[in-house]
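Have a look at the model first, and then read on.

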Amino acid sequence: MTAPDSDRDAAVQRQYEDYPYPHRVAADEAMRLLTPPMDYLAKISHYGWRGAIPANPRFLVAGGGTGDSTIFLAEQARTLGGTVTQIDLSAASIGVAQARAQARGLNNVHFVQGRLEEVATLAPGPYDYINCAGVVHHTADPDLSVRALASVLAPGGAIGLMVYAHYGRTPTRHMRDLFARLLPPDTGNAVRVGVAQQMLAALPPTNALRRADADGGLIKGLLADPHELYDLLLHPRECDYTVPQFHALVAQAGLSIASFTQFFLDGGTNKSFYRAENYIQDQGLLARIKALPEIEQQAIAEVLHGNITLHSAYLVRDVAAVATVRQTGLVPYAFVPDIQAVAALLEQNPGRPLQVVDSYGNGITLQGQPGLGGILALIDGRRSVHEILTAATSLPALAGQPNAIHTAAGALLALFDLFNQFDWLLLRAPHSHPPIAQDQHAHLTATLL
Ligand SMILES: C[S@@+](CC[C@H](N)C(=O)[O-])C[C@H]1O[C@@H](n2cnc3c(N)ncnc32)[C@H](O)[C@@H]1O
């Protein structure tokens, strides 16, 4: 027999009062700023706002927990006259987030304790960007929860949504089944955690979670952090999504997936995970997959990868909100450091293939076509696509060619596509962009092959 929704709601709230998530300490704000990858305004602008940044932007963090996204968004909003509202069920979680905001002297954050399903009455916005990460799969009716978020989204706004993924959570589901049998619903939270710790320490090598944890780091981390342990293995309510189910969740709220994106601070998810060509080299087999509708291709990629534990994506009402390099007035720019060093290496070694890898382990191979380095060097964050193409026609590799501008356009399109799969390059609208944070952690290393 399953517990009624109201009992589960109460159990969810109790969990986050006892174990606010993630475990954070306000004093750490003096030492570092956490930068949840989904919440970089540069990426939100590229994928949700056609490369622009709204004036005095308004952000909502729904189920913001102890405040990672709230703090990062509020820091970025500071110089833009923007504000952040965090809504969360749990008073304890809000308390931690509030202390973190105070420690940073942020006065552009508002907190509302309540259910995100009621956000339209509690904190109606509207909002230019809504972050909702790791929350709707814990609510009684996730479809309704996403609709509630959509109802407070400003025209032209974007949502960053993260939900659990089906296949990658198989080992987790095994353990949840085990604990559901072992721990009756009336078991107190401290006892739950104690028993789960005993069980994790006793798992046989054949167990799915142990097999998935080759270096032992996951289980070690869970043993050290009851907040993480409770959230991952003991949560009173959760569901998960395959790629097609995720698309359906989004579509029933009148939204579309603009792009999948990175979620974890140290990599581990990004939009390239959803491309079958990243797993299949056999061209015949690949052609068979590529003949399918895009959602089916992504669904196959999810199974091929096999270990995507969550889906994180930008959602928009109209996919025309995504900036593209075909909009020649937009300005391409480097979202990560070191792009100019890659350009220089390419320019010095025309014709030599080059491998470029970022600190998260994402990598590409460039064939080193003549002129590629010159075009990459022209991407200086100031020139528009149009200006880059015009300047490219004077590059030694292209000058004098009858169709130089078309050759340059083809090369720029291919280059941008390649570098944009890991967000190394993004686009912005000219004039409208104040300086915004780049990912300083994603250093590129280029090696001649
Ligand atoms: C797993 S934590 C995620 C926290 C944060 N979004 C993050 O990614 O670090 C889930 C959070 O959602 C909150 N929550 C769960 N159900 C909620 C609901 N119906 N309305 C508002 N908050 C909710 C919990 O209190 C908890 O703080």
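The points below cover the sheet, a helix lying across it and a pair of packed helices.

1. Before you start: this is a predicted model, where local features need pLDDT of at least 70 and side-chain atom pairs count only at pLDDT 80 or more, while totals for chains, interfaces and linings use all residues. Residues are numbered from 1 along each chain as its sequence is written, and side-chain values use heavy atoms, leaving out hydrogens and water.

2. The sheet is open, with seven strands in the order S3-S2-S1-S4-S5-S7-S6 and mixed pairing. Strands here are DSSP E runs of at least two residues, helices are H or I runs of at least four, and both are numbered from the N terminus. Two strands pair if DSSP finds at least two bridges between them. At the edges, S3 (109–113) and S6 (256–260) each pair on one side only. From one strand to the next, the twist averages 20°.

3. For a closer look at one pairing, take S1 (residues 58–62) and S2 (residues 83–88), which run parallel over five bridges. Phe59 has Val84 of S2 as its bridge partner.

4. Helix H2 (residues 41–48) lies across S1, S4, S5, S6 and S7, at about 60° to S7. Angles run from 0 to 180 degrees between N-to-C directions, with axes fitted to C-alpha atoms, for helices over the stretch in contact. Contact means heavy atoms within 4.5 Å.

5. How do H10 and H11 pack? Helix H10 (residues 217–224) meets helix H11 (residues 226–234) at an angle of about 115°, with the axes 5 Å apart. That makes H10 roughly perpendicular to H11 (65 to 115 degrees). Among the residues in contact are Leu218 and Leu222 of H10 and Leu229 of H11.

Note on methods: Parallel < 35°, antiparallel > 145°, perpendicular 65-115°, else oblique.
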